[in-house]
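Please view the sequence and the structure together before reading on.

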Amino acid sequence: MEFPSDEVLAIIIPIAVYWLYSGIYLLLGPLDNYRLHSREDEQIKNMVSKREVAKGVLLQQLVQACVAFITFTLTRDERSIEMVSDKKGISLLVLARQFIISMVIIDTWQYFWHRYMHLNKFLYRHIHSWHHRIIVNYSFGAQYNHPIEGLLLDTLGGALAFLISGMTPRASIFFFSFATIKGIDDHCGLWLPGNIFHLFFWNNTAYHDVHHQLYGNKYNFSQPFFITWDKIFGTYMPYTLEKREEGGFHAKPNKS
């Protein structure tokens with residue numbers, strides 16, 4: 001039996017990782033002592049059902065898979081030599097360079113499109129507001145967007161990172177699985193002790209939670225890795241993590 005090609009795995013694995021990793025958060029239970037919002041707030045404030053969110057995410061992932069297939073098909077001949085080299089082994093230095101380039105490209109692409117969708121009233125009302133129907137974030141809502149936004153911000157941004165960084169389909173399996181996990185973590189709504197992403201990234205669960213609240217709607221556009229563009233363009237809103245009396249935490253903004 002022939003093993004699936006790198007291209008097929010690069011399409012399937014990040015999607016499987018999305019549901020497996022977000023499912024882990026669901027299996028952990030309510031974890032009220034680590035939530036950034038209460039369960040009651042999640043029921044009251046969110047404006048879309050979890051059923052609709054799941055359907056929206058699956059639609060985005062279908063589009064994502066189609067674009068990935070087209071991208072791999074169009075670049076197959078150009079990358080055939082790289083893939084042969086990849087099977088012999090790729091140096092960690094090259095892989096790290098490709099990861100860093102891809103992270104910078106995705107952050108830059110998403111920051112400017114994300115911010116523009118907030119500034120343009122038409123785009124916000126008809127497209128980006130879909131994502132902000134979820135005010136109290138939870139894991140599998142990370143990729144819930146209007147289909148146009150899912151294509152423009154996430155899918156095309158990922159395709160650009162893949163093409164410009166020069167990574168192979170095999171390398172992309174690891175990068176996009178990592179990016180998927182990071183995006184879920186940013187939207188999980190939990191501040192868990194020992195979370196490795198909170199240790200290495202200032203752009204984290206609480207940072208993005210501020211953006212989903214009314215007071216932070218015009219701040220903290222950077223996603224999913226760094227906060228650089230927010231710092232440069234004055235859209236950075238710092239916060240203080242405070243414990244709530246009823247349990248859990250609250251990301252309190254430090255900017256009036």
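## A buried aspartate and its partner

Asp6 is buried, with a relative accessible area of 13%. The model under discussion is predicted, and in it the side chain of Asp6 meets that of Arg170 in a salt bridge, with an N to O distance of 3.2 Å. Because Asp6 belongs to helix H1 and Arg170 to helix H7, this pair ties together parts that lie 164 residues apart in sequence. Arg170, for its part, is partly exposed, its relative accessible area being 29%.

## Other salt bridges

In total, the count comes to 10 salt bridges. One of them joins the side chains of Asp41 and Lys45, at 3.9 Å from N to O. Both residues lie in helix H2, which covers residues 39-45, and they are four residues apart, or about one turn of the helix. Asp41 counts as partly exposed at 24% relative accessibility, and Lys45 is likewise partly exposed, with a relative accessible area of 35%.

Another salt bridge links Arg244 with Glu246, where the closest N and O atoms are 3.2 Å apart. Arg244 counts as buried because its relative accessibility is 17%, below the 20% cut-off. Glu246, by contrast, is exposed, with a relative accessible area of 59%.

How many cavities of 30 Å³ or more does a search of the whole structure find? The search finds one. The volume of this largest cavity is about 740 Å³.

The elements that each contribute two or more residues to the cavity lining are helix H1 (6-27), helix H3 (50-88), helix H4 (92-119), helix H6 (147-165) and helix H7 (169-187).

## Composition of the lining

The lining of the largest cavity comprises 39 residues. Those that lie nearest the centre of the cavity are Gln64, Gln143, Asp154, Thr155 and Phe176. Which classes of residue make up the lining? By class, there are 18 nonpolar residues, 18 polar residues and three charged residues.

Definitions and conventions: Residues are numbered from 1 along each chain as its sequence is written. This is a predicted model: local features need pLDDT of at least 70, side-chain atom pairs count only at pLDDT 80 or more; totals for chains, interfaces and linings use all residues. Side-chain values use heavy atoms; hydrogens and water are left out. On a 1 Å grid over the protein atoms alone, a cavity is a set of points where a 1.4 Å probe fits but cannot get out, and a pocket is an open set with protein on both sides within 12 Å along at least five of seven lines; lining residues have an atom within 4 Å of a point. Grid points are joined across faces, edges and corners, and a volume is the space filled by probe spheres set on the points. Ala, Val, Leu, Ile, Met, Phe, Trp, Tyr, Cys and Pro count as nonpolar, Asp, Glu, Lys and Arg as charged, and the others, Gly among them, as polar. A salt bridge is a side-chain nitrogen of Lys or Arg within 4 Å of a carboxyl oxygen of Asp or Glu. Buried means under 20% relative accessible area, exposed over 50%, partly exposed in between (1.4 Å probe, protein chains only).
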